[in-house]
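Hi everyone, thanks for making time. Please have a look at the model on the screen, and I'll walk you through a few spots in it.

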Amino acid sequence: MSEAEVLALPVTVPLELANRALGIGRTRGYQRAKNGTYPIKVLRHGVAYRCRRADILTYLGITEPAQVAR
């Protein structure tokens with residue numbers, strides 16, 4: 001996933017999309033989320049796993065461009 005694609009992600013993303021951004025396979029990502037060894041914080045909502053874009057950006061070392069005040 002390119003830097004531009006990561007920056008375009010919504011505030012939270014499903015675990016499968018976070019896996020793709022971090023270069024983690026689907027099965028390994030779910031295993032790591034379940035046993036608490038995922039490289040970023042995983043939010044659990046019922047049976048769904050989600051990750052915050054801010055955590056993905058921090059982990060990848062990507063800084064968001066400054067917003068222009070209007």
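Let's start with Arg 26, which is exposed, at a relative accessible area of 52%. Here buried means under 20% relative accessible area, exposed over 50%, and partly exposed in between, with a 1.4 Å probe and protein chains only. A word on where this comes from: it is a predicted model, where local features need pLDDT of at least 70 and side-chain atom pairs count only at pLDDT 80 or more, while totals for chains, interfaces and linings use all residues. Residues are numbered from 1 along each chain as its sequence is written, and side-chain values use heavy atoms, with hydrogens and water left out.

So which residue does Arg 26 form a salt bridge with? The partner is Glu 16, and the closest N and O atoms are 3.2 Å apart. By salt bridge I mean a side-chain nitrogen of Lys or Arg within 4 Å of a carboxyl oxygen of Asp or Glu. Arg 26 sits in helix 3 (residues 26-35) and Glu 16 in helix 2 (residues 15-22), so the pair ties together parts that are 10 residues apart in sequence. Helices are DSSP runs of H or I with at least four residues, strands are runs of E with at least two, and both are numbered from the N terminus. Glu 16 is partly exposed, at 41% relative accessibility.

Now the two helices themselves. Helix 2 and helix 3 pack at an angle of about 110°, their axes 9 Å apart. Axes are lines fitted to C-alpha atoms, for helices over the stretch in contact, and angles run from 0 to 180 degrees between N-to-C directions. The two helices are therefore roughly perpendicular to each other, a label for angles of 65 to 115 degrees. On the helix 2 side, Leu 15, Glu 16 and Asn 19 meet Arg 26, Gly 29, Tyr 30 and Ala 33 of helix 3. Contact, by the way, means heavy atoms within 4.5 Å.

The count comes to 2 salt bridges. Asp 55 pairs with Arg 52 in a salt bridge, with 2.9 Å between the closest N and O atoms. Is Asp 55 buried or exposed? Asp 55 is buried, at 15%, whereas Arg 52 is partly exposed, at 38%.

Asp 55 brings us to helix 4, where the buried residues are Arg 53, Asp 55, Ile 56 and Leu 57. They pack against helix 1 (3-7), strand 1 (12-14), helix 2 and strand 3 (48-52). Finally, just after helix 4, Gly 61 takes a positive phi of about 75°.

Conventions. Angles under 35 degrees count as roughly parallel, over 145 as roughly antiparallel, 65 to 115 as roughly perpendicular and the rest as oblique.
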